[in-house]
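Hi,

Here's the structure I promised to pass along.

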Amino acid sequence: MTKTQLSEPAEILVKSICARYKNDEHELINILHELQHELGHLPAELQSAVAHELHIPVSKIYGVVSFYSFFTMLPKGKYQISVCLGTACYVRGGELVLEEFKRRLNIKTGETTKDGVFSLSCIRCVGACGLAPVVTIGEKVYGRVSPQQVRRIIDEYLMLEEG
Amino acid sequence: MEKIKSVADLKKLKQQSALSRKSGDESSQQNAITIKVAMATCGIASGARETYDYFVQELKRQKINAIVSQTGCMSYCYAEPTVEITLPHEEPVVFGFVNTAKAQEIVDRYILHHEFVDGVIPASYKTV
Amino acid sequence: MIKITIDQKTVSVPRGTTILEAAEKAGIDIPTLCHMKLHDMNIENKPGGCRICVVEVNGRRNLTPSCCTEVEEGMMINTHSMRVINARRTVLELILSDHPAECLTCAKSGDCELQRMAHRLGIREIHCKGEQSAYRIDNSPAIIRDPDKCIMCRRCEMMCNEVQTVGVLSAVHRGFNSVVSPAFEKDLMHSECTFCGQCLAVCPTGALTEVDETTSVVRAISDREKVVVVQTAPAVRAALGEEFGYQAGTVVTGKMVAALRRLGFNYVFDTDFAADLTIMEEGTELLQRLNAFLKGDKSVKLPILTSCCPAWVKFFEHQFPELIDIPSTARSPQQMFGSIAKTYLAEKLGVDRKNMIVVSIMPCVAKKYERGRDEFYVDGNPDVDIVLTTRELAHLIKLCNIDLTTLPEEDFDEPLGQSTGAGVLFGTTGGVIEAAVRTAYEIQTGKALPRINFEELRGMEGFRKAIVDFDGLELNIGIAHGLGNARKLLEDIEQGKSHFHAIEIMSCPGGCIGGGGQPYHHGNADILMKRQHALYTEDELKVIRKSHENPDILKLYAEFLGKPLSEKSHKLLHTNYFNRKAE
Amino acid sequence: MTKTHIFVCGGIGCRAMESEQLRKNFQREILVRGLSDEVQVVTTGCFGFCEKGPLVKILPDQTFYVQVSPDDAAEIVSEHIIHQRKVERLLYIDPETRKRVTESKDMDFYKRQFRIALRNCGVIDPDNIEEYIARDGYSAIAKCLTEYTPEKVIDIVKKSGLRGRGGGGFPTGLKWEITRKSENSQKYVVCNADEGDPGAFMDRSILEGDPHSVIEAMAICGYCIGADKGLIYIRAEYPLAIKRLKRALQQAVDTGLLGRDILGTGFNFEIEIRYGAGAFVCGEETALIHSMEGCRGEPTFKPPFPSVEGYMGKPTNVNNVETFANIPVIINKGAEWFSAIGTEKSKGTKVFALAGKINNVGLIEVPMGTTLREIIYDIGGGIKDGKKFKAVQTGGPSGGCLSEKYLDTPIDYDNLIEAGSMMGSGGMIVLDENDCMVSIAKFYLGFTLDESCGKCAPCRIGNKRLYEKLDKITSGEGTMEDLVRLKSLSLVIKDTSLCGLGQSSPNPVLSTLTNFYDEYVAHVKEKKCPSKQCKDLINFTIIEDKCTGCTLCFRNCPVEAISGEKSKIHHIHQDKCIKCGLCYSKCKFEAILIE
């Protein structure tokens, strides 16, 4: 274990969220959801702080965090690009769209661009199979995406960045 | 919200809602056009929210007596956004691919003049 | 009773019996890999993960794991049908396809359950080769973790979490990437690991092994400039024989001493001597605290906790730092020995401590860690230089072609070789406190003990309590072995629920006889019972059975230390503890 | 005055049969005859009766004409519109009565779909409890609490023949009965809303469109088994469903339909939401329970079943969303009514998420026993872009790929298993001639590989090996021995895995091996991908005779692998080509060859 380097506000947040769940270890997943929602990711020192509050070993928390694909220990990009690779999207070319995002952003799935603007992940079915292939960025859903559109979609956000 | 404390309460509430739907009395509520916009995830992803907003604003602007509401998935995923329109005393009609342009056409022709426009989706199912 | 048919044999077994247990009763041996049950200790691991023990049950679509499936009336079971054999071999091939083929150099070779299984099922070729896991090897002072060899049996995870409640090991990630690891894939050295070694005691493969220091011993003995001194812990003599074909529970003290001499150690001493010394210091400390407490001294806290188990020490330093002032400050026998060897003995022999190498033979893996703690170094030189486990000693003896069975029985050397029956007891749960009671009673009451055996302190229950009558003064004594039991006790103390005067704690189930460095018991708890019995017998056979009557101990005090808890004693035989919570 | 409308089906199936021309002909006739003010032609979406297309419906009299050719337009306008006489020969003949059907409202039988679970989706406002109540909502729980004993309700559910809609198809009533009989002061009702099957989204739709139906059913279940607490385990990836569900729960609490002393009967029931965190295996009930307890979602061996020892060690009844959505209807309409729908062993309806290479992608609900052909061609409007049907994948990663020969198999739990697939949660992905079946199998294995929990060896390592073999085959490096191993390994994984995930994960491999063995052989022996999908086995080249130098491919290539000037023959540089297929799909002159 590393020495706790958690910032004070984060520490207070951990304490208050855990307390709200009565420091009940069975509420671990709900607690992690809330923390990730607030802080964007779940770094090691945060997990240690939760372990302390719930009186459970940090290895158990890491076991849980590393088990579920929804949880991340790494900070995500400002814009989180998720390419759906559900079956419907796959048979309608979702993989080609993903490849194109990887190529254009020069990152692998699960990574974040160096400037921290984009992160790329693939997801399993958002249930919008009628629009396959589907890409989501934040709350926004792009339907019937072709590889050619990828550059346009990225540019859209780059323009936002540049103001 | 009022508490439903007994089966009798429940039945009363049900009758009230059923009455308000079916009876043809004079109040504006009963003669209103109802517009339901399918607003499940895929509908919203296809622009159902814009369609919804358009109907609300446009009908208000034209002072048309209508109730616009959201509903769940109508299952015609290939034709999102989908909208169901019930003119007073008529069968409900579902339209597919209703972007704001289509919505405008629907207001101008179907709602105001009872003329069908392209994109009607025939009901393909029975229900309980 | 439930009647079932296994491989055409009809057996009746009680409700709740598993197919595996029923088969055992019918004399049918179903191979298992992840399953492990320590009968008398309530320890069982059956995740149903390896799928080696699958059998065919009539009317079921799929094969079923016999370790998890309870029998039902009229069940027809086939444990070795061709379908079962095919499945079992294919599954084992799969496991082997993700396991390094390093048997030639693997520490576990010859004692590996996976290797044995491959032999038993006659695997000659792995048909489904593919990508293998590739992890970093985690080297700690005591334990080596080679996750590539992990087969996800989860035994270590179960020991670490459920039995020991240390919670360092957990399954992490998922699917093909899943492995048992400390949090964030950190090294054990940077975790709360106590190095109790219970994980490696149950690991079926070479994924968890102790750090092998036999090479250092060979090098030390080969170095003519060094005086190499060896000490052997009480529990070693009760288990070493198993490695040489003796029945479990055979005591091989004399042969072990002879073997150590043959290996070339200059002096062969006994940790039991240091155990007697521990009793002198710890027993005196107990009485001092007890009497002050009885006089109403509010600054004195009770209970006093034993401190001879290094894993236990590291456990409370991490988990209960607010209680670090209640364990006895006495060092463990290993460290007391090292300290005395490198002062008293070195002086006697006229050897510079830097030229003396102290080797310990221990049933324990944590002793490897303990010897490296900063506080046990003097001017950069450790009190104990090398720690071998019982298993390593056996390897070394075999390496040098020494046949233990034909060796004569020899005695330990003087002056650190003589010990009492009390010292021997340190090897089992309840032994330290019994040894302490024998001495404390006589010192406190000034009377001779009416009896020497304290049956009420003996047993295999994970947590025991007893009241010992000190001539009118009733002493409440607690005993826990297994850190999970220790945790419960400490929580009671924290919450003020416990009213013990003294508590003995051993990290390993059974105490040192069940230590992480002992010959593998492969899940057979009977072995531990026999080792325990052996130690009590050894005690009975001793002429002197109370530590304070050990003449060499008395001489040591007279010549060197003065009296228990003297200034010199404090310097050489006591220690202090650290809050490791923030680590 | 009401206008006359001529509805011409513009569904893709009808379009393939010249419905577009038919529409033009109608318009011309109307123009020529000066009827433009009175008659209007409208193109509609699919009627779901494609085998009899093109379809025409005349309003307001509801006349329904089938198999109308463009030449029939004149006759319909002159006879029907002008002379008010029906064109008898174009009316549909009822196959049973052999009579011509004149009005579409008498033709409900062409509506293959019957909505029970989806009854309120797209009908009511999910955020308004009153709309649910207006459609008989909460009358089933009222009936249970005031008229039936728990045993009676369980009896109704048992007699209805309802089986779990989440995949396994365990009889729901029996499950309730076992949980009822497990004695304990605390029991739980759990709703599994962790819809993880890629390509299935019926549970999301129900929660987004009709959350109260699930809440009501959970309360009924609680009444039956003796539980006062319900938990809904829902995917965190479904934010809208979560929002609607929360609102619905709040309304139910506010109106007193959840909480203490419900409807004055003394029955207490409350519901909490728990979130999934992205693990498909948590669809398995023991894994789901561990996840709700804050642990890794690893399944444990059954028995003990959750009905005996579940959440927090207490008896727990787990059903999925669609199963629950059926319950209030069964209570209101009765067991006999429900069990009259469907096949002998599979009663009621099933919701399918129809997607892939099909025209009418959507959520459909059909009686058990409907054939794949009816679903694909009538409801789904046939294969997209007029391509040839190759297979339909049902049951997601646990299911299999069924070939043409299964098109007329009535779909129910048992028939699908017999065919080597599974009902699963109801994903139904249609594949066409361009889909490589080896790649499809690899896709599903890739999914299983990501989602395997890793607890048992056959699933953890076996699926990895299956995937590696499939990868080898799609790269053109497979051997015939690999095909033998694929099968034998698949069978052992099925036979020995700990939970349903591993026990069914080889189904996509086995079913494609059985039904599309030739495709595997082509990859292995000829090193060819018949569907031209496997990148390692194809090359894109330009057919010089056909290339017009239009530069379209050049402009669309994402990696600048195509060179050429306007009006000159273009060239594809194989070293740069990433085989994305864009040039092929963009070329208007069929000048790109895949070989």
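Chains B and C don't touch: no contact joins them, and their closest C-alpha atoms lie 30 Å apart. By contact I mean two residues whose C-beta atoms, placed from the backbone, lie within 7 Å. Before I go on, the housekeeping: this is a predicted model, so local features need pLDDT of at least 70 and side-chain atom pairs count only at pLDDT 80 or more, while totals for chains, interfaces and linings use all residues. Residues are numbered from 1 along each chain as its sequence is written, and chains are lettered from A and ligands numbered from 1 in the order in which they are written.

Back to who touches whom. Five pairs of chains touch, and the most contacts are between chains B and D. There, 41 residues of chain B are in contact with 53 residues of chain D. On the chain B side, the elements that give two or more residues are helix 1 (7–22), strand 2 (66–71), strand 5 (120–121) and strand 6 (125–127). Helices here are DSSP runs of H or I with at least four residues, strands are E runs of at least two, and both are numbered from the N terminus. Helix 1 of chain B has the largest share of that side, with seven residues. By class, the chain B side comes to 21 nonpolar, 13 polar and seven charged residues. For the classes, Ala, Val, Leu, Ile, Met, Phe, Trp, Tyr, Cys and Pro count as nonpolar, Asp, Glu, Lys and Arg as charged, and the others, Gly among them, as polar.

The two chains also share strand pairing: strand 6 of chain B and strand 7 (residues 113–115) of chain D run parallel, joined by three bridges. Two strands pair if DSSP finds at least two bridges between them.

D:Ile124 counts as buried because it has 26 C-beta neighbours inside 10 Å; the cut-offs are 20 or more other C-beta atoms within 10 Å for buried, 12 or fewer for exposed, and partly exposed in between. Leaving aside neighbours within four places in sequence, D:Ile124 is in contact with B:Thr71, D:Glu131, D:Tyr132, D:Arg135 and D:Asp210.

Now for the inside of chain D. The chain is divided into domain 1 (4–110), domain 2 (129–336), domain 3 (349–432), domain 4 (437–526) and domain 5 (539–594), with bounds from an automatic or database domain assignment. The C-alpha centres of domains 3 and 4 of chain D lie 22 Å apart, and 13 residues of domain 3 are in contact with 16 residues of domain 4. On the domain 3 side, strand 15 (389–394) and strand 16 (400–403) of chain D each supply at least two residues. Strand 16 of chain D gives the most, with four. That side has six nonpolar, seven polar and no charged residues.

Which way do helix 16 and helix 20 of chain D run relative to each other? The axes of helix 16 (residues 437–451) and helix 20 (residues 507–515) of chain D come within 8 Å and cross at roughly 170°, so the two helices are roughly antiparallel. Axes are lines fitted to C-alpha atoms, for helices over the stretch in contact, with angles from 0 to 180 degrees between N-to-C directions; under 35 degrees is roughly parallel, over 145 roughly antiparallel, 65 to 115 roughly perpendicular and the rest oblique. D:Met437, D:Val438, D:Ile440, D:Ala441, D:Tyr444 and D:Leu445 in helix 16 meet D:Pro508, D:Val509 and D:Thr512 in helix 20. Eight of the residues in this contact are nonpolar, one is polar and none is charged.

Cheers
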